[in-house]
Every structure is written in structure tokens, then in C-alpha cells.
Amino acid sequence: MKHISMTVNGDQHELLVDPGWTLLETLRDNLRLTGTKEGCSNGNCGACTVMIDGRTANSCLVLAAEMDGTEITTVEGIAKHGKLNPVQEAFIKDGALQCGFCTPGFIISATALLQRNPNPTEEEIRTRLAGNLCRCTGYDKIIMAVEDAAAMLRG
Amino acid sequence: MPDFDFAQPTTLDEALELFAGSGEIRALVGGTDIVDQLKTGRRNADLVVDVKRIPELQRLEVTGDGLHIGAARSCTDVGEFPAVRSDYRSLAESAMLIGSWQIQNRAGVGGNVCNAAPSGDTIPPLLVHDATAVVASASGRREIALSDFFAGPGQTVLQKGEILVELVLPPIPDNSASAYLRFIPRNEMDIAVAGVGSFLQLDPSNNAVLKARIALASVAPTPLRARAAEEVLEGNVLTDELIEVAAEAAVGAATPITDVRGSAEYRRELVRVLTRRTLAICRDRING
């Protein structure tokens, strides 16, 4: 087992992790943060997307043992002080989900995109969200929600 | 996931001592290939060594002898680096189209090289920029021309105990440019059916080709240079007709297989089209 110290959604955690545990397993099974989903488990679907030190990653392809000293943001850490962030609000307003399984990953990727560029083109949104698969919506409402969230963030 | 030990060295010496040990020892950069390969049993490991905390492997800078890319630098780091965007554009283009944004944020350019997939997108751009691989083991360092680095699908010439430290790309000459294109049947998130990187240096007085490099991916057991096509170009005035002859010569370097992504015949045709297009992009960028 390896000792790691990592910050998840602002809370510091001291953990003993097996070298074979993924970050996804550690978040869900050890920290009980089950908002992050397991879809394909091979880096294609993006359901497990989290931010590591501000950058998105597929947590199914990251070893928890790598994470000593890092700051992780999961979907549970996106709303602040009981208030949804604009991406979450826009997903609700625009009905940008059906079954909802892919939604946490989309929320993380879209939030990371808007932190970097508050005024993305549709093409940039589609490119940056290409690693998040949704089998229900057909994507149009998701793209619309990200555009609406961007507009909210710009005021 | 199979059982393995894990280490996270913070100096190169400490890492090389670990790699000198016995058993199957795997370097971990982004994990986007190796973690999946371990999960599915396509590669095995007794020890996984996370090399991302070794300062030399995080180097990313331009010095007098060129661009230095530490082996642990991510595709995002490399693709967004200003000197890469301005001077080594084919490399920026390839780093920003591997997998998804999530993958690019983790996957290393050095990892893409060491994974040695025939389809590795960053490899043709590195080849056309004459990259050298600096490798090290507990017994010393050596430099390997990247064109001599690949031994087969998933295989490199790295010896037991050796790891990639950095890739070095020489400074670009004046009046030169590079470009990379791959073909996939959709817009994102796929593996190249074929990929072509090109580099041209032109004589501004008469448009003669002073130096040409063409490298291919996904059409042979390893990424490779199309040297006959380079020779067609060098010393001659760059015309559409010459580009067409070079594209035909590049097809001759390809030895593709037929698989689920495309037939051998289709891949050869793609080499022709992508060679023609990347050379035209290089010309446009130079005349820019």
C-alpha cells in the first residue's frame, strides 16, 4: 500500500492505496463520491472525467498512487455554497440530459472549458467535449447548454 | 487490475536504479496506454514507475541546440508551448488531435513514442523534424536518431534498464514549415487509418527544395520516413507536378495491412492524398 495525501473538492484526505487502484475506484469506493461514473473503463466515454490540478482527466486511467499532493475536483465540488454553477443550471434549463449517466463528466469538461475560454465557438465546444459520450441526447442540447452557461458566465 | 508495485522517484538517478532491477518494469507517464494495457493483460508489470516527478523528464525549453521535450511532458503542454506552435507546427497539430482533451492532458509525447504504436500521431512530426531520443540507464546515456528508435508494433530499441529522458528537435531553418494530417472516418477520438507528416525548406530565390522530410504512420509495422519521396523533392523546384511525383514515391514506402480501419489499397491511396496535402500546406505556410 502507498500513502497519499490528496485534496478532493477542497477537503484533504490521507489514504493508503493499493498500486492497482484507479483514481476512479478510490473516489467512488473509498471516499464514497459516487457522482463520478464508470462507463467504459478504458478512456473512451468520459463518464469518469474529473479535474486533476485544474485539468480534465479520465479517472479510470489514473492510478490513485500517482495522486499524492494533487487537487481533485469532482462533480460534487462544482456547486459552491449550495448554489449550482452556471453549467449545471444550463443543463437543467435546456434539458441537456436524459438518463444522466454521462452528465457528471460533461459538467466537469464543460466547466474546465469555460474556465479556459468563456466564449467558445460551437466547434471548440464540440472538440473539447469529444471525449464525453452521450447515447441519449444527440448532443445538440448539451452544446446549447454550454453556450447558455457561457453567456451566464459572461453576464 | 493485476498486482504490481509502484514507485514515484524524484530524481533520474533514483529512477535508473529502479529500472536496473529485475522483472518487468514499466514507466508511467499519462497512463492512457499503459493503465489500459495492464487492465486488459496486453502488457504486464512487476513494477510501475511514475516518472512524472523527475525534473529532467519535465524539461520543456528551447536552447541553442533546439527544442527539448522531457519524456514526461503531456500532449497539452507540448501542443500549447509557444515555440512548438510557431516553429514545429506539425507537432502541435498532432499533439492536439490524439484522443480527447482528457487524454491530451495526461498522455505524454514521450509516452506516445515509447508505446511505439504504428499509428502514433506525434511520431511523424517528430521524424520530419529530425528528432533525437536521449535515453539513459544506470550504466550511461546514449542518443538515438528517432528514425532508428522503432523495432516493430509496440517495440522500440530501448534495452532493459533504459528509459527515454527527452526528445531533442534541432532548430528550424529559415523559410521552412511542417504539417501533419491524418485520416479518420469521423472528426475526433479515433486512430489514424493513415497519417502523414511533411517538412519543407525552400530557397526563397527560386522555390527550390533545400530540404524535405516525409514520414508516415499507420501504413507499416512502425512509423517511418519515406526517403525516396524526400529525394524526389530535394534539389528541385517545387511545383504541383513535383508534389505529385513525391506523393507517388511516398506510396512506395508504405507497406500497409488490411484491417478493420481500412484496406491496404485504401491506405496507399491515403498516403498519396495526405502527402500531397501536407506538402501543399508546408508551401503555403512558408509563403505565408
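Helices (H or I, at least four residues) and strands (E, at least two) are DSSP runs, numbered from the N terminus.

I noted that this is a predicted model, in which local features need pLDDT of at least 70 and side-chain atom pairs count only at pLDDT 80 or more, while totals for chains, interfaces and linings use all residues. Residues are numbered from 1 along each chain as its sequence is written, chains are lettered from A and ligands numbered from 1 in the order in which they are written, and side-chain values use heavy atoms, with hydrogens and water left out.

I listed the buried residues of H10(B) as B:Leu242, B:Ile243, B:Ala246, B:Ala247, B:Ala250 and B:Val251; buried means under 20% relative accessible area, exposed over 50%, and partly exposed in between (1.4 Å probe, protein chains only).

I turned next to the open sheet of chain B, whose three strands are ordered S1-S3-S2 with parallel pairing, two strands being paired if DSSP finds at least two bridges between them. Its edge strands are S1 (5–7) and S2 (25–28) of chain B, each pairing on one side only. S1(B) and S3(B), the latter residues 47–50, pair in the parallel sense over three bridges, and B:Asp5 stands opposite B:Leu47 in S3(B). Helix H1 (residues 12–19) of chain B lies across S1, S2 and S3 of chain B and runs at about 145 degrees to S2(B); axes are lines fitted to C-alpha atoms, for helices over the stretch in contact, and angles run from 0 to 180 degrees between N-to-C directions.

I then looked up aromatic pairs, for which the rings of Phe, Tyr and Trp (its six-membered ring) must have centres within 6.5 Å, with planes under 30 degrees apart counted as stacked, over 60 as edge-to-face and the rest as tilted. The rings of A:Phe106 and A:Tyr139 are tilted, because their planes stand at 55 degrees, with the centres 6.4 Å apart. A:Phe106 lies in helix H3 (103–116) of chain A and A:Tyr139 in the loop between H4 (122–128) and H5 (140–154) of chain A, so the pair ties together parts 33 residues apart in sequence. A:Phe106 is buried at 1% relative accessibility, whereas A:Tyr139 is partly exposed at 22%.

Note on methods
Contact means heavy atoms within 4.5 Å.
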